[in-house]
Amino acid sequence: MPKNLNMFSLEGKTALVTGANTGLGQGICVAYAGAGANVIGVARRSCQETADKIAALGIEGQHFTEIIADLSDINAIQHVLAESAKAGRVDILVNNAGIIKRCDAADVSMEDWDSVINLNEKTVFFLSQAFAKNWIADNKGGKIINIASMLSYQGGIRVPSYTASKSAVMGITRALANEWAKYNINVNAIAPGYMATNNTQNLRSDEQRSDEILSRIPAGRWGTPEDIMGAAIFLASGASDYVNGFTLAVDGGWLAR
Ligand code: NAP
């Protein structure tokens, strides 16, 4: 690697990524492994596919560890903390796990509302708090990257609980950055545009909505997990040490319209 790119290296770092078995979380795990980090993936289901993709990179000494946890249960946070400590100090936390419920605002149930807010918002805050407490105590800093959304900026259609949660993610990112930047903890977010993952399966199979969305994306295509890799590495690396509280859109130009 040319010397001036060393600032992007994650060698010697350990990154914990939630929602690591598929989609954007899987892409971020592979990106971090490729940049030299050891990776801990948290998911409800096995992360074997992610482990295989990382193994295929053929990086000697690279470790991938999985922790099975349902992050909709706030008690899972202590389990994740304890299990990850076995793999050593976590330096980078990516709050990626998230769900979306599509429903007319008039019909949203309280149960669905709570399930989205609990995972997308409450767990993001308290998992960040759990790691930041350790980082403040050991005074070695850390990186938190939250996965926001276009609906951190916009209202969206038929996804009000998701919009509420992702708007909160952008606010939480700023609030935590304000308190923790002085401890060398960088809290930032990535706002993906419309990406081809399970999250958008229903949207992409609705021909009319899919056409509407595609025609509005300046890049003219859905994003992929690969598209998010550069921003994720940047925000986890020394290259972003003076970037605090910012939400970086990776959206093919959607917000520029
Ligand atoms: P995805 O393929 O549906 O992935 C979501 C991930 O979250 C999966 O690994 C999923 O695991 C995990 N997860 C869900 N509920 C969980 C729980 N209770 N405990 C632990 N893990 C849980 O969708 P994605 O697009 O990669 O989404 C990743 C993040 O990006 C989400 O926060 C999403 O809101 C955000 N995002 C996506 C887009 C997009 O266009 N795709 C745009 C903006 C933001 P399971 O397989 O077990 O469900």
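Guide: Ala, Val, Leu, Ile, Met, Phe, Trp, Tyr, Cys and Pro count as nonpolar, Asp, Glu, Lys and Arg as charged, and the others, Gly among them, as polar. The model is predicted, so local features need pLDDT of at least 70 and side-chain atom pairs pLDDT 80 or more, while totals for chains, interfaces and linings use all residues. Residues are numbered from 1 along each chain as its sequence is written, and side-chain values use heavy atoms, leaving out hydrogens and water.

Visitor: How do the residues lining the largest pocket divide by class?
Guide: A pocket is an open set of points on a 1 Å grid over the protein atoms alone, with protein on both sides within 12 Å along at least five of seven lines, and lining residues have an atom within 4 Å of a point. The largest pocket is lined by 47 residues, and Gly-98, Ile-99, Ile-100, Thr-197 and Asn-199 lie nearest its centre. By class, this lining divides into 22 nonpolar, 17 polar and eight charged.

Visitor: What volume does the largest pocket have?
Guide: The elements that each give two or more residues to its lining are helix 1, strand 2 (38-43), helix 4, helix 5 and helix 7 (207-216), where helices (H or I, at least four residues) and strands (E, at least two) are DSSP runs numbered from the N terminus. A volume is the space filled by probe spheres set on grid points joined across faces, edges and corners, and for the largest pocket that comes to about 1,000 Å³.

Visitor: Which pocket is the space taken by the ligand?
Guide: Around the ligand stand 29 residues (each with a heavy atom within 4 Å), and the closest are Asn-21, Arg-44, Arg-45, Tyr-162 and Thr-197. This shell has 12 nonpolar, 13 polar and four charged residues, with helix 1 (23-34) and helix 5 (160-180) each supplying at least two of its members. A molecule sits in a pocket if more than half of its atoms lie within 2 Å of the grid points, and the space that the ligand takes is the largest pocket.

Visitor: How much of the ligand's exposed area does the protein bury?
Guide: Among the polar contacts (pairs of N or O atoms within 3.5 Å), an oxygen atom of the ligand is 2.5 Å from a side-chain N or O atom of Arg-45, and a nitrogen atom of the ligand is 2.7 Å from one in the side chain of Asp-70. A backbone N or O atom of Ser-72 lies 3.5 Å from a ligand nitrogen atom. Taken alone, the ligand exposes 880 Å² (Shrake-Rupley method, 1.4 Å probe), and the share of this buried by the protein is 93%.

Visitor: What is the volume of the second largest pocket?
Guide: Its lining has 19 residues, of which Gly-142, Lys-143, Asn-184, Asn-186 and Asp-241 lie nearest its centre. Strand 5 (142-147) and strand 6 (185-192) each supply at least two lining residues, and by class there are five nonpolar, eight polar and six charged residues. The volume of the second largest pocket is about 270 Å³.

Visitor: Which helix gives the most to the lining of the largest cavity?
Guide: A cavity is a set of points where a 1.4 Å probe fits but cannot get out, and a search of the whole structure finds two of 30 Å³ or more. The largest cavity holds about 40 Å³ of space, and its lining is made of Thr-18, Leu-71, Asn-95, Ala-97, Leu-119, Thr-123, Val-124 and Leu-127. With four residues (its run is 110-138), the element that gives the most to this lining is helix 4.

Methods:
A polar contact is a pair of N or O atoms within 3.5 Å; within protein, one must be able to donate a hydrogen and the other to accept it, and residues adjacent in sequence count only if both atoms are side-chain atoms.
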